[in-house]
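Have a look at the picture first, then read on.

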Number of protein chains: 4
Amino acid sequence: MEQIDWISLEQELIALRREFHRYPEPGWMEFRTTARIIEELEALDIPVRYGHAIHTRDKMYGLPSARELEYGVERAATECARADLVESMTGGFTGCVAAIEGALPGPTVCVRFNIDCSAIDESTSPEHRPARDGWRSLHDECMHASGHDAQIAIAIGLARVLCARRSELRGRTVLLFEPASEGLRGAASLAGSLPQDCDYLIGCYIGLSDLPVGTVAAGVHGFQASTKFDVRFTGEASHASDLPETVKNALAAACSAVVHLQAIPRHSEGLSRLNVGTLHAGTGRNIIPGEAVMTLETRGGNAAINSYMEKSAYRICEACAGMHGCTCETTFQGFAGDAACDALFVRAIADTLRNLHGVEAVSEDVAIDCAEDITTLFHAVQSRGGQATELVFETSLRAPHYSSDFDFDEEVIPLAVRCLERIIRGAADYPRGERAE
Amino acid sequence: MEQIDWISLEQELIALRREFHRYPEPGWMEFRTTARIIEELEALDIPVRYGHAIHTRDKMYGLPSARELEYGVERAATECARADLVESMTGGFTGCVAAIEGALPGPTVCVRFNIDCSAIDESTSPEHRPARDGWRSLHDECMHASGHDAQIAIAIGLARVLCARRSELRGRTVLLFEPASEGLRGAASLAGSLPQDCDYLIGCYIGLSDLPVGTVAAGVHGFQASTKFDVRFTGEASHASDLPETVKNALAAACSAVVHLQAIPRHSEGLSRLNVGTLHAGTGRNIIPGEAVMTLETRGGNAAINSYMEKSAYRICEACAGMHGCTCETTFQGFAGDAACDALFVRAIADTLRNLHGVEAVSEDVAIDCAEDITTLFHAVQSRGGQATELVFETSLRAPHYSSDFDFDEEVIPLAVRCLERIIRGAADYPRGERAE
Amino acid sequence: MEQIDWISLEQELIALRREFHRYPEPGWMEFRTTARIIEELEALDIPVRYGHAIHTRDKMYGLPSARELEYGVERAATECARADLVESMTGGFTGCVAAIEGALPGPTVCVRFNIDCSAIDESTSPEHRPARDGWRSLHDECMHASGHDAQIAIAIGLARVLCARRSELRGRTVLLFEPASEGLRGAASLAGSLPQDCDYLIGCYIGLSDLPVGTVAAGVHGFQASTKFDVRFTGEASHASDLPETVKNALAAACSAVVHLQAIPRHSEGLSRLNVGTLHAGTGRNIIPGEAVMTLETRGGNAAINSYMEKSAYRICEACAGMHGCTCETTFQGFAGDAACDALFVRAIADTLRNLHGVEAVSEDVAIDCAEDITTLFHAVQSRGGQATELVFETSLRAPHYSSDFDFDEEVIPLAVRCLERIIRGAADYPRGERAE
Amino acid sequence: MEQIDWISLEQELIALRREFHRYPEPGWMEFRTTARIIEELEALDIPVRYGHAIHTRDKMYGLPSARELEYGVERAATECARADLVESMTGGFTGCVAAIEGALPGPTVCVRFNIDCSAIDESTSPEHRPARDGWRSLHDECMHASGHDAQIAIAIGLARVLCARRSELRGRTVLLFEPASEGLRGAASLAGSLPQDCDYLIGCYIGLSDLPVGTVAAGVHGFQASTKFDVRFTGEASHASDLPETVKNALAAACSAVVHLQAIPRHSEGLSRLNVGTLHAGTGRNIIPGEAVMTLETRGGNAAINSYMEKSAYRICEACAGMHGCTCETTFQGFAGDAACDALFVRAIADTLRNLHGVEAVSEDVAIDCAEDITTLFHAVQSRGGQATELVFETSLRAPHYSSDFDFDEEVIPLAVRCLERIIRGAADYPRGERAE
């Protein structure tokens, strides 16, 4: 068994995190990001699958336009991404799946890491460390503002330590680098790449509550169910002083819909939400708008509530389109169901972590209160008898997630590596079975 | 040829008008009114048709409820209406049709008179002549507030003078006493009683512009097309703190409909109107309304515009009901199309009237700008080659139509009798043919 | 100490309950009801206060119209209510407050009982026991459909047993007979009659969950905050074919308001509700409505949420009125805040009840999930250092509360008397202080 | 008096028209266009005023952004516009005013010509003559699609023929080259450059009804009044799963406004219109929109109706903003009032034209039924006792105005020059005075 030089590793992982931070790429466009991950993994002699091999084409939700995808490919090329790798991902087939085989028999543990960035312009303030120290995002309107750069660094760190100790490793560890997790788009396409025999699935969340590094949650609750979709209203453009009686005003239809979408009755079982995030309609002041496009999302405290919101939204859009002599068309863009972490698995992890150096507080259940498409992977694993959880690695935040000043204490990276390694190494001894509700 | 004692006749007609004024009856409930008309006509040996004989049952639009109709019958009985006559009208078969045959051959002239009252509480002010002089309405919420009492008196006066001179009368004169003209309800049912060979159709309007008696219009333009209908939205009543996600809120549906009914786009061809006159919904503050009922009407500068408004209204109500998980049901209550007076006929009448004592100003075309269901009779007559017009007999008004202080200069009654008699007697010499647009 | 003949008492209380059931009276109109309660109490030599003495005139929310109040007084007279008593309550000053002084020193315990009925037509079905056995409601649209008749019987029974054992009774017991609890109207007016030194306040609820008699809860949680109010929109009535550009359409304003009231955004802290229960507008199909009146209520999982809903509703109504050139006026009709039962008090009661014959299950905290204006009395008592709770006496229900077939197992009446007597007698030994959140 | 070589002139004017057609520039950005006009006029020794000298800065409505204006200047430079001229127009001060002094005393006649293009991508179809023959627009989204290129050519032609015969010309002719007539933006700024003593004002319209060249109208009626403005709703952006109770949703406010803007009641006096041409709101699917911007316009059959629509729109936007806790801000972008051509002037022109070679039909009054900001100039001239009219020069159209295939019979150019020259030369003999309604 090889010794890990933790001090060097920590420095290397932080350097890697900063590299990924400089080259943020949005969902389905993580060309350079994926290529670099593959290079790192192949350097460890880990077999990596990627491109068409790992995706289900008709579940790649919310793909950018062909033009945007092409731009992403070109940009990656100018940023020294290995050409053959980028080539294989053309069209949005980003992300990769790597398997580390232990020398000894044991369970199959999958760990999911997110790799895409957010559509945010990173701060240029001298107070903002990445700006001050020269590793701010090089891409306009792109920023790693929710710690996916840290997730990648953790994953590579984990690969290194597991490989270093492969001789004593029991079972197989599969690292899933999921593209397009923002917008709840990537998990469905990647779900087919989960091994059939997956015993344990783990996801990570970095910095939920602004607690210091050392606080770790072994499980969470409160996954919101959510659906993302677009609605296009189509009428007929005409001149504003023509025949008003023949008008098919798509903007009027969309606005009626917005008013009534806000008015979907509450749900007795819990939280329900709907947001029309954008609406764009019309071509000129004196032209009656023939087209209006809205992007929206529903959320629910559970899947039934979200489904209620979603169906109500469809009904309202259809009715409002019809009322104004227009039609409407809905395009599905992303989804997450609700889910529950498996209690036995969570408890076993908590027990593992309590004894670990650097971990100062372990909770078994914190409220995550957001939508995460890892729930799609949960369902896949749990339906075949596996267990799943999401860990939260707290880390002091310099600004909240999704703000242009987002930054965190990088000590969380080596700590997370250590925690995940210990869990994976201990998993062979974890109890099986009994599913949480 | 009998001499007419005009002075006595005038006194008698005014007395008759005041009698009818005291016993106003709403549409389809003119039981006492019709019975008295029939008595007057039969006293002149004029054959009168009434009851089921003159109506088309499925075109009796906007009938009161069975309970109201029954109440009307009972009230008529207590007010000395001849029992056999009322009996024959049970169920709303009011109004009558009388034919006066001239001794000489000639054209068939039909004259339409309205007989129903308005749903208005008559003024009790001592300034109001009927109140002061003791012939105010005896019926709550019932008032002859648009001169239909005068129309009846004119009709009876006309019958008397025509009968008196029957020996020199050329052709046949048919008097149509139309029930339920308010709300545009009665004409369709009565249209079948128009003689097939009707050459000329005449309607009257009393006091359009507050000009003095002596000003007469031989024709009008600007009949609005209009449709009257009710819409009932049905959802499901439930307690306000129950399961909001199952709500089928009929009030919410109706309110969405009202908002969008106001927003039907204008029409390029002219005037369009829609009014939701009443809305009633709900049973209690903490009960989600399971039912909402609105009464509404559309209007158009022509029939196409009205039809556009009506169809738009149906579409909106359906869409809003569906949007809220409710259903809606429409009940047709009345209708008037647009129409045009026949120019040749109008000119001939104008020529007749110009030479008549008491007539001081004759116009050929004033704007009526309202909806009148006589247009249904116009279409029936004109489609068979006949001609039609509506006369306006001006008379100083003490208050506008449909106000609780409405009253007018009764001199208009004998003048109108004189005018109509002269027109009917002259009609045999009128030109035929050529239809106005 | 006098012996209680429980068997006779039970029969008498059931007979009393059925008498009150036959003469249900709505809020602020409990003339006969109050008179009978006073007679019963005075027969026990208990001093009773009533009429103007116990009410704060400007807090008598949601009073019926003068005409309705007058009708209620007249009806009570025909139903043998003592004239002097009814006279003192004229104008709605119903309800009463009675104090039973124990022979020994001790705490002041107040018990609140409801006395008004619901606006429901009682079932005439032979399956419905009151109908079958001849004690169905004698009043149209009035029914004791939530057990207030039982509350009155329990109160009278409690008065009897406390009086019988007055020599050994420690402290003072105050019975509050609150009028108009339906609609959350009566408590505010009665709050001034709570003794300043009230140590304990108790309310009752009969039959929350259809469990059998013998199940009792010593405390509840989940009081919803709620506000009841009416909104009158005033515009200007005009004829539908007049000048649309001058229209001030009160119905249009109200409908815009309803649409937007449905769309008040959710609240992150919990349950929020709004219901427009009724809307009435307009006088005729062809008249643009000059007035529209809606009755509505808001609810919240806590007082802040309810306040948010209420303020949002005001803002929306004002805006929609202004948008349509109308004005609106709000009339407050009733209110309940949230509240919490005092944990020490609840526990003490639970301990008392657990040892009582006939009580088979005691819980300390059930969810009531509705709005109750006893919370106004809670606040008054708790703000002066007293403690409060609401008990639930379960009893098998033959139909749910507020249904026309509502009926229950009358064994709950003697059981509740027994429980309350034991609590009152034990209260001198209860711990003081420490308030629950 | 110089002889005009009409054949050469016609060819030159058509060539000029095609040159202007290739370089279309939108309102306030007619840099190259104006520079070329000035060159042409100065070549004739006509004094030309331009730049700040002819504009009223605070009436330059609907200016493009600084960035767009700058782009326009730069483009003009690359297209060989004279640098000193463009420099003087920087910031949007386009258009020019030229005066031709006759040798003899006489009236002052002003002729207004439009010079801006429409925001339309010109057709590339080989059926489209400009595309086929190589003089299609060189600018994306810019096209002379309503004949302003013809107006410029006519103006230059007119300048040439008037100069050629200056010795016999009575009075002064002022040519106004108005920028930004599309969107009703330019006239107010230019109105100050009208000579105080303007006796006659003439505008032109090319090809109203697809009649052949030779049909001319000496006057029009039916100028619509219209206002163009933008409304910006400002709320507060927030995350869709945050605190909904604090939401200030600008999109919701805008949509409520759109729904109610559609529902502004009709006007009894005539045509009323409102169009929300574009609405753009929001930044992302899961962000509650903090800003929404709409561009809209109102129209009225007369100025009072348009003002009613405009004021109603402001009221509705304010109310809807307030209802949703947002604010709104309105930016005025353009305006046209109603106006009437002066009957005596129209008749005199008609008489002039009837005798002119090439003119085959002259009407005195055709319905224009659109909004034109020349009405602002009408008012300025008429208020000082001058007379005004707009001529229509018909010309066979290959496609309607504002379509990407718009083209016309260029024979209209020399004909219009001839007509205008004859009118100007005859104007000294026209009657003065008496204003039309």
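## Where chains meet

Buried area is the accessible area (1.4 Å probe) that two parts lose on being put together, summed over both. This is a predicted model, where local features need pLDDT of at least 70, side-chain atom pairs count only at pLDDT 80 or more, and totals for chains, interfaces and linings use all residues. Residues are numbered from 1 along each chain as its sequence is written, chains are lettered from A and ligands numbered from 1 in the order in which they are written, and side-chain values use heavy atoms, leaving out hydrogens and water.

## Chains A and D

On chain A's side, R273(A), N275(A) and R285(A) supply 24% of the area buried against chain D, more than any other three residues. In total, 38 residues of chain A touch 38 residues of chain D, where contact means heavy atoms within 4.5 Å.

The rule also finds two salt bridges across this interface; a salt bridge is a side-chain nitrogen of Lys or Arg within 4 Å of a carboxyl oxygen of Asp or Glu. One salt bridge joins R285(D) to D230(A), at 2.9 Å from N to O.

## Chains B and C

Chain B and chain C bury about 2700 Å², 54% of it on carbon and sulfur atoms. R273(B), N275(B) and R285(B) lose the most area in chain B to chain C, together 24% of what that side buries. Each chain brings 38 residues to the contact. Here too the rule finds two salt bridges, and R285(B) pairs with D230(C) in a salt bridge whose closest N and O atoms are 2.9 Å apart.

## Two helices side by side

Now for chain A itself. Helices are DSSP runs (H or I, at least four residues), numbered from the N terminus. Helix α2 (residues 31-42) of chain A packs against helix α6 (residues 148-164) of chain A at about 15°, with the axes 10 Å apart. Axes are lines fitted to C-alpha atoms over the stretch in contact, and angles run from 0 to 180 degrees between N-to-C directions. That angle makes α2(A) roughly parallel to α6(A), a label for angles under 35 degrees.

Which residues of α2(A) make the contact? They are T33(A), I37(A), E40(A) and L41(A), and they meet I152(A), I156(A), A159(A) and R160(A) of α6(A).

Notes:
Parallel < 35°, antiparallel > 145°, perpendicular 65-115°, else oblique.
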